[in-house]
Amino acid sequence: MKNILFYNKKAKHFEEALPIGNGRIGGLVFGNLKKERIALNEDTLWSGYPKNLNKKGAYKYLDDARKAIFEKDYKKAKDIMNRDMHGCWSDSYLPFGDLIIEYKNAPKSNYKRSLDISTGVVTVEATGFKETVFVSHPAQLMVINIHCDFGVSFKVKLGSQLEHTTECAQDSLVMTGKAPEICMPPYYNKGESIVQGSRGMTFCGAVKVLGNAVFEKNYIEVKNQQDVTLLVSLATSFVDFKSMPTADSKGKAFSYFENIKSFDKLLSEHKADFSVLFNRVEFELEGSRDDLPTDKRIKMMNKSGDDNGLIALLFQYGRYLTISASREGTTAMNLQGIWNTHMRPPWSSNYTTNINVQMNYWCTDTANLSECFEPYFEFAKKLSVNGAQTAKEYYNCSGFCAHHNSDIWGMTWPAGFPDGNGDASQYAPWCTSAPWILNQLYEHYLYTLDEDYKAELIPLFKGCLDFYRDFLIEKDGELVTCPSISPENNYRDNGVSLALTYMPSMDREILFDFFEICRELGFDTPTIEQVKPASDGRIPEWAEEFDETDIHHRHVSHLYCIYPSHFIQSDELNKAAEKSLEKRGFGGTGWSLGWKVCLWARLKNADNALRLIKQQLTFINPSTKTSLKGGGSYPNLFDAHPPFQIDGNFAVTAGIAEMLKNESLPKEWSGRVKGIKAYGSKEISYSFKNGKRI
């Protein structure tokens, strides 16, 4: 049962459904043999269209904002940032719709649904019955085979929360629709939340049948068949991030039906494509309860903590999600990868670039999936283009910059209240995402040693460096960023909770690395010093030793220098980081737990890393609302912020890979690893017993 998730009941919530994907098309299989639902996504289906919502001339207020921050007139600084240097929310990643199969006589006895993460195939089984579902990267189609020994009857329908129509045409069930121009995040409810308009994307989903079927007005009916295959094609009118979405979505959808192959051929090609990536890495831990359904395994792990095989499964699941959601030519993974069922998803299911999108790609190279990194590189290119306008309008600087949110259109302005009448100062005025992303792109080069790729990085680094040459300002004889924040965290000064500041430690650490890489690439750079321990022996979060408002805050931004930085730090700084982590504690949201796994793994403290891995395997019931302070795992192993955020899955996989790379293993681990990747495309393989290599 290794590398298998399985359950003895259907899914009621999407956090119980089983994810499949090929990078472009995503599906969540619920396994209901009365009314089967497969939730559909397509990676380019977003609200909106290309637009420039940079606030013109915002840079005119920059000097006043800086002066107010330096003089500790924080109310004035906050007013300026919210009123005069604000932006607008990002666009939203949208659900494509649902494929519904209404079974008339499917059996229910001996029910089982499972996902083989080594092949990317979901099966739903009962006595004499089997439903097989996968999304083929070679064919660019979702494939559903329904086999029943005694013959089964069912109807197939398509539906969507978006504006749409369905009909049967061209020997297919066809759904066409249009995405809205505006889809506000769920936490903003001023005016119309969703505006349909005429400039949004169109989309088309089509279903063809291999087998006997009747095409009615708006559904397909299959009667008493032993074997039928449904082929599902999805497409949108997206062209690129600079162009209006005017492509022929219906023509694109039907183009994938050319040269249709048999189910057996589609399945064998899919398995060969998927498995060649997945099978590069093997990870086994002794002690497993893989005879239990996955949801029960998580619950038992919470009680006994001794299912090491579940930890190995969680690691491989992160690799599985990477292969399924990020392939060459697709868009970068967003907050939910490619699996979203909400019309107004949490945080718009966008790209949050103050940690989350970076975290999505932390495990890609170490987990030996470097080909899956390409969409992230393309995402950075978008930011470099659009960020030039943002740099000019907000800071009167050359080069390019980006803030904490983005979307498929490459948004770079500071996200916030569109009318400036609200407080976004805790997250919006932070323009250091671009050098963080570029540092990560350079580390990808260290894994691959691809010189052509490195050459493509050079103009990106130059553009970002040009921005910081202009943007940095001198304070007390040192160059600093201002205005800035330590993402989403507040400090307390004279009893007042505040966010705006200058040169928080995260900025310092990111730029320290960025300038070092720039020098390696042959550029002259400004000089800044690396962060130093504070008077209490910890790594400070801000330039001044302010009091903390939340010592257990989910963000550990000030520990960037330990992880994900690829530079080796001093013993003094490592010890300071340990003290900082101990103070932050062992709680947190799902992705925060994953980041702390990475940090303790980098610090070679295997016991604390394992403690957090087990904490991340806390069972979260999708039917109950849970405090943001309590992260864990949903029944399908999706990371629970809560709600679902996929970055936690990738972070814990990266953290376990870091433990394996460093041979920093807890005593209770015995097993073997094969294929973990190190710099220079080197692979690491070894066996271990009681935490020691043998």
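Leaving aside its neighbours within four places in sequence, which residues is Pro 666 in contact with? They are Ala 606, Asp 607, Leu 610, Met 659, Asn 690 and Gly 691. The model described here is a predicted one.

Pro 666 sits in the loop between H15 and strand S27 (671–678). Its relative accessible area is 1%, so Pro 666 is buried, the cut-off being under 20%. Between Pro 666 and Lys 112 there are 554 residues in sequence and 34 Å in space, taken from C-alpha to C-alpha.

Two of the contacts of Pro 666, Ala 606 and Leu 610, are also among the buried residues of helix H14 (residues 606–616).

## The largest pocket

Helix H15 also takes part in the largest pocket. The volume of this pocket is about 530 Å³. Its lining is made up of 26 residues, and those nearest the centre are His 566, Arg 602, Glu 658, Lys 661 and Tyr 679. Helix H9 (433–448) and H15 are the elements that give two or more residues to this lining. H9 supplies the largest share, four residues. Sorted by class, the lining holds twelve nonpolar, eight polar and six charged residues.

## Paired strands

Another part of the structure is built from paired strands. Strand S11 (residues 172–178) has six of its seven residues buried, so the rest of the structure largely encloses it. S11 pairs with strand S10 (residues 163–169) in the antiparallel sense over seven bridges, and Met 175 in S11 is the bridge partner of Thr 166. The hairpin of S10 and S11 has two residues between the strands, and Gln 170 takes a positive phi near 55 degrees there. S11 is also joined to strand S14 (residues 202–210) by six bridges, again running antiparallel. In that pairing, Val 174 stands opposite Ala 206 in S14.

S14 in turn pairs with strand S16 (residues 220–236). S16 is mostly covered, with 13 of its 17 residues buried. Strand S9 (residues 141–159) is joined to S16 as well, and so is strand S15 (residues 214–215). A hairpin of four residues connects S15 to S16. The table sets out the bridges for these pairings, with one pair of bridge partners for each.

| Strands | Sense | Bridges | A pair of bridge partners |
|---|---|---|---|
| S9 and S16 | antiparallel | ten bridges | Met 142 and Val 232 |
| S14 and S16 | antiparallel | eight bridges | Cys 204 and Ala 235 |
| S15 and S16 | antiparallel | two bridges | Phe 215 and Ile 220 |

## Aromatic pairs

How many aromatic pairs does the count come to? The count comes to 45 aromatic pairs. In one of them, the rings of Phe 134 and Phe 263 have centres 6.2 Å apart and planes at 40 degrees, so this pair is tilted. It links distant parts of the chain, since Phe 134 lies in strand S8 (residues 129–136) and Phe 263 in helix H4 (residues 263–278), 129 residues apart. Both Phe 134 and Phe 263 are buried.

Why is the pair of Phe 586 and Trp 600 counted as stacked? The ring centres of Phe 586 and Trp 600 are 6.3 Å apart and their planes lie at 0 degrees, so the pair falls under the 30 degrees set for stacking. Phe 586 is in the loop between helix H12 (571–584) and H13, and Trp 600 is in helix H13, 14 residues apart. Phe 586 has a relative accessible area of 17% and is buried. Trp 600, at 1% relative accessibility, also counts as buried.

Ring pairs also build a cluster, linking Tyr 394, Tyr 395, Tyr 442, Tyr 445, Phe 461, Phe 467, Tyr 468, Phe 471, Phe 514 and Phe 515.

Terms used
Residues numbered from 1 in each chain as written. Predicted model: local features only at pLDDT ≥ 70, side-chain atom pairs only at ≥ 80, totals over all residues. Heavy atoms only, no water. Buried < 20%, exposed > 50% of the residue type's maximum accessible area, 1.4 Å probe, protein only. Pairing = 2+ DSSP bridges. 1 Å grid on protein atoms, 1.4 Å probe; cavity = no way out; pocket = protein on both sides within 12 Å on 5 of 7 lines; lining within 4 Å. Points joined across faces, edges and corners; volume = space filled by probe spheres on them. Nonpolar A, V, L, I, M, F, W, Y, C, P; charged D, E, K, R; others polar. Phe/Tyr/Trp six-rings, centres within 6.5 Å; stacked < 30°, edge-to-face > 60°. Contact = heavy atoms within 4.5 Å.
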